[in-house]
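Hello,

Here is the structure I promised to hand over.

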Amino acid sequence: MARYYDVHPDNPQPRAIGQIVDLVRGGGLIAYPTDSCYALGCQLGNQDGLNRIREIRRLDERHHFTLVCRDFAQLGQFVKVSNSVFRLVKAATPGSYTFILPATREVPRRMLHPRKRTVGVRVPDHAVTQALLAELGEPLVSSTLILPGEDEPMTQGWEIKERLDHLVDAVIDAGDCGKEPTTVVDLSQDEPEVLRRGAGDPSRFE
């Protein structure tokens with residue numbers, strides 16, 4: 001059964017955050033809120049966690065996992081950012097955007113798109129996510145919590161606990177965080193390409 005944490009959305013309790021991060025470091029898979037919707041997350045390098053996310057969401061190998069980073073400096077350790085891309089990404093972070101960029105050697109090969117060698121990255125604007133990332137000291141490997149056959153992400157912590165109780169190790173409930181996933185922008189080519197329209201305004205990339 002998944003542990004259930006009721007966390008304050010603006011001032012998350014340090015004790016709860018510490019327990020959740022210990023669970024992540026121990027190989028756990030969590031369902032947690034972000035500034036766009038709920039996501040599934042595990043520690044970088046957690047192969048079992050990646051496999052569990054794939055199973056829950058029925059993802060194929062072409063799926064772009066996302067590294068959820070604390071800030072722009074951390075993001076820059078895991079993706080290659082040119083000067084022009086730097087300005088675009090910097091202006092849109094933190095926020096509800098996921099950027100597809102060429103990965104550095106810091107990213108495990110199994111996380112990369114098999115052909116493009118790219119990975120998703122984002123910096124969320126959410127107090128609970130930021131508290132988790134600060135305590136963890138590294139990015140969370142994540143994927144939006146949209147179940148197979150459904151069009152919208154799950155939005156309520158109690159519902160996630162009911163439906164995924166035996167599939168995840170913890171559910172963090174910080175209230176409703178919305179049901180619109182991030183806007184996904186591919187910045188790995190010469191021109192930006194909006195792959196998914198979501199919570200972030202896509203017009204700046206069009």
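**Sheet, helices and loops**

In strand E6, Val121 is the bridge partner of Leu67. Keep in mind that this is a predicted model.

Now the whole sheet. It is open and has 10 strands. Their order is E1-E8-E2-E3-E7-E4-E6-E5-E9-E10, and the pairing is mixed. In general, strands of a sheet pair through backbone hydrogen bonds, either parallel or antiparallel. Which strands stand at the edges? They are E1 (3-6) and E10 (193-196). Each has a single partner strand, so one side of each is left without a neighbour in the sheet. On average, neighbouring strands are turned by 30 degrees against each other, direction ignored.

Two helices to look at against the sheet:

- Helix H1 (residues 14-25) packs on the sheet and touches E1, E2 (30-33), E3 (38-43), E7 (140-144) and E8 (170-173). The direction of H1 makes about 145 degrees with that of E1.
- Helix H6 (residues 157-164) lies across E1, E2, E3 and E8. H6 runs at about 165 degrees to E8.

H1 also packs with another helix. Two packed helices are described by the angle between their axes and the distance between the axes. For H1 and helix H5 (residues 127-136), the angle is about 60 degrees and the axes are 9 Å apart. That angle makes H1 oblique to H5. The crossing is right-handed. Which residues make the contact? H1 supplies Ile17, Gly18, Ile20, Val21, Val24 and Arg25. H5 supplies Val128, Ala131, Leu132, Glu135 and Leu136. Of the residues in this contact, eight are nonpolar, one is polar and two are charged.

- Thr93 and Pro94 are joined by a cis peptide bond, with omega about -5 degrees. Pro94 sits in the loop between helix H4 (83-91) and strand E5 (97-102).
- Arg58 is not a glycine, yet its phi is positive, at about 55 degrees. Look for Arg58 in the loop between helix H2 (47-57) and E4.
- Ser188 is in the loop between strand E9 (183-186) and E10. Leaving aside neighbours within four places in sequence, Ser188 is in contact with Ile100, Leu101, Pro102 and Thr118. Pro9 is 179 residues away from Ser188 along the chain, and their C-alpha atoms are separated by 34 Å.

Last, the record. An unreviewed UniProt entry places the feature "domain: YrdC-like" at residues 14-200. Over residues 14-200, the chain is 29% helix and 22% strand. The end C-alpha atoms of that stretch are 29 Å apart.

Over to you.

Best wishes

Notes:
Residues numbered from 1 in each chain as written. Predicted model: local features only at pLDDT ≥ 70, side-chain atom pairs only at ≥ 80, totals over all residues. Heavy atoms only, no water. Pairing = 2+ DSSP bridges. Helix = DSSP H or I, 4+ residues; strand = E, 2+ residues; numbered from the N terminus. Axes fitted to C-alpha atoms, helices over the stretch in contact; angles between N-to-C directions. Contact = heavy atoms within 4.5 Å. Parallel < 35°, antiparallel > 145°, perpendicular 65-115°, else oblique. Left-handed = near helix turned anticlockwise from the far one by under 90°. Nonpolar A, V, L, I, M, F, W, Y, C, P; charged D, E, K, R; others polar. UniProt positions renumbered as here; feature names shortened; annotations may be inferred.
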